[in-house]
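This report describes a predicted model. It treats the packing of helices and then the pairing of strands.

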Amino acid sequence: MLPVHRVRQVGNWANVSTPLGLLIARVGGCTVARGPRGLHLADGYRLRFPYAGAFAVGNVLLSRQEWSHHERTNPSLLQHEEAHTWQWAALGPLFLPAYAAAMGWSWLRTGDRASANWFEIRAGLDVGGYVRLPLRPLREGLADAVRVARAQLSRVSGRDRSRADGRNGPAAGSRGADAVA
Ligand SMILES: [Zn+2]
């Protein structure tokens, strides 16, 4: 391990992001193995949140599938997720609100959570399996946000009404989880 990787390893322990990642891996039912450069590779993540096929928390790279599968089919994915470990080292727990803000901004500007997300651009959109969508006017993004918020509100109030009537709310749609974060 190079000194720079040792610095990242110690930094992500000290800023508690790696302990948090190991805890999430445990709660998510993962099998964790030691990876290269001080990384931890967590296979078989089972929880529905976050909506991603793979993601990084501190030095822990979590995946729904086995990392050996990714090494065979998409070796660049590890490189993409490892880039996020440096972002964790730089920001510590502040990575989470910063990433959420970048994701919101990206959605407003492109309608996609990754296309204009600084963290994903730096980690590599292509290797992360993302496409780069063109920017849209901010006005258009804000109008879209209002539309989505109104739809969510009417869905929630509809669910409350059906609960009051003793009926079940609308079933949540099932979504795939092929995306990575
Ligand atoms: Zn990513």
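## Helix packing

Helix α1 (residues 3-14) and helix α4 (residues 76-91) have axes that come within 9 Å and cross at roughly 55 degrees. Because angles of 65 to 115 degrees count as roughly perpendicular and those under 35 degrees as roughly parallel, α1 is therefore classed as oblique to α4. The crossing of α1 and α4 is left-handed.

On the α1 side, the contact is made by Arg-8, Gly-11 and Asn-12. Helix α4 contributes Thr-85, Trp-86, Trp-88 and Ala-89. By residue class, the contact of α1 with α4 comprises three nonpolar, three polar and one charged residue.

## Strands β1 and β2

Strand β1 (residues 31-34) pairs with β2 in the antiparallel sense, and four bridges connect them. Within this pairing, Ala-33 of the model stands opposite Leu-41 in β2. The two strands form a hairpin with five residues between them. Arg-37, located in the turn of this hairpin, has a positive phi of about 55 degrees.

Strand β2 (residues 40-43) is covered on both faces. His-40 and Ala-42 lie on one side, Leu-41 and Asp-43 lie on the other, and all of these residues are buried.

## Strands β3 and β4

Strand β3 (residues 54-57) and β4 are also paired, here in the antiparallel sense over four bridges. The bridge partner of Ala-56 in β4 is Leu-61. A hairpin is formed by β3 and β4, with two residues between the strands. In its turn, Gly-58 has a positive phi of about 60 degrees.

In a regular strand, side chains alternate between the two faces of the sheet. Strand β4 (residues 60-63) has Val-60 and Leu-62 pointing one way and Leu-61 and Ser-63 pointing the other way. All four of these β4 residues are buried.

## Connection between the hairpins

Which strand is joined to β4 in the parallel sense? Strand β2 runs parallel to β4, and three bridges join the two. Ala-42 has Leu-62 as its bridge partner in β4.

Technical notes. Residues numbered from 1 in each chain as written. Predicted model: local features only at pLDDT ≥ 70, side-chain atom pairs only at ≥ 80, totals over all residues. Buried ≥ 20, exposed ≤ 12 C-beta atoms within 10 Å, placed from the backbone. Pairing = 2+ DSSP bridges. Axes fitted to C-alpha atoms, helices over the stretch in contact; angles between N-to-C directions. Parallel < 35°, antiparallel > 145°, perpendicular 65-115°, else oblique. Left-handed = near helix turned anticlockwise from the far one by under 90°. Contact = placed C-beta atoms within 7 Å. Nonpolar A, V, L, I, M, F, W, Y, C, P; charged D, E, K, R; others polar.
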